[in-house]
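Good morning, and thank you for the time. I would like to take you through the structure on the next slide, element by element.

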Amino acid sequence: MNTKRYNHLTKSQIKIMQFFVARITARFSLREVGRELKMHQALTYRSSQPLIKNKLILQDKNNYVLNYKQNQQELAYLEYLRSKEFLNQPKNQVLSMFAED
């Protein structure tokens with residue numbers, strides 16, 4: 001069991017992780033991630049390095065993939081953030097009422 005704690009993720013790192021959590025088995029280059037998130041390539045690279053070091057994202061040649069076999073607690077939190085963001089959108093207010101019940 002992995003007991004290592006991640007003290008702090010920046011906003012950019014959270015966006016990158018949410019991107020990977022939404023596409024759990026897909027592989028992307030950091031350039032693709034930056035393009036999809038509309039982030040500068042250098043920011044994407046710098047923000048990704050701690051995620052790779054902490055093995056939240058794994059490198060496979062030139063592509064990266066989410067390490068979903070470990071870090072389930074962190075991934076569950078990121079999925080919670082994604083769902084909260086989705087339900088807070090004005091067009092999804094009806095769904096949020098059902099989620100409260």
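Let me begin with a definition: two strands are said to pair if DSSP finds at least two bridges between them. This is a predicted model, and in it strands E1, residues 57-60, and E2 pair in the antiparallel sense over 4 bridges. E1 and E2 form a hairpin with 2 residues between them, and Lys61 in the turn has a positive phi of about 60 degrees.

I turn now to helix H2, residues 30-37. Its buried residues are Leu30, Val33, Gly34 and Leu37. They cover an arc of only 95 degrees around the axis, which puts them on the same side of H2. In general, an α-helix has 3.6 residues a turn, so residues three or four places apart point the same way. Arg35 and Glu36 are exposed, on the face of H2 turned away from its buried side. What covers the buried residues includes helix H1 (11-22), helix H3 (41-53) and strand E2 (63-66). After H2 comes Lys38, with a positive phi near 60 degrees.

Finally, how do the axes of H1 and helix H4, residues 72-87, cross, and at what angle? They come within 9 Å and cross at roughly 90 degrees; the two helices are therefore roughly perpendicular to each other. H1 contributes Ile14, Met17, Gln18, Val21 and Ala22 to the contact, while H4 contributes Leu75, Leu78, Glu79, Leu81, Arg82 and Glu85. By class, this contact has 7 nonpolar, 1 polar and 3 charged residues.

How values were computed. Residues numbered from 1 in each chain as written. Predicted model: local features only at pLDDT ≥ 70, side-chain atom pairs only at ≥ 80, totals over all residues. Heavy atoms only, no water. Buried < 20%, exposed > 50% of the residue type's maximum accessible area, 1.4 Å probe, protein only. Arc of directions from axis to C-beta. Contact = heavy atoms within 4.5 Å. Axes fitted to C-alpha atoms, helices over the stretch in contact; angles between N-to-C directions. Parallel < 35°, antiparallel > 145°, perpendicular 65-115°, else oblique. Nonpolar A, V, L, I, M, F, W, Y, C, P; charged D, E, K, R; others polar.
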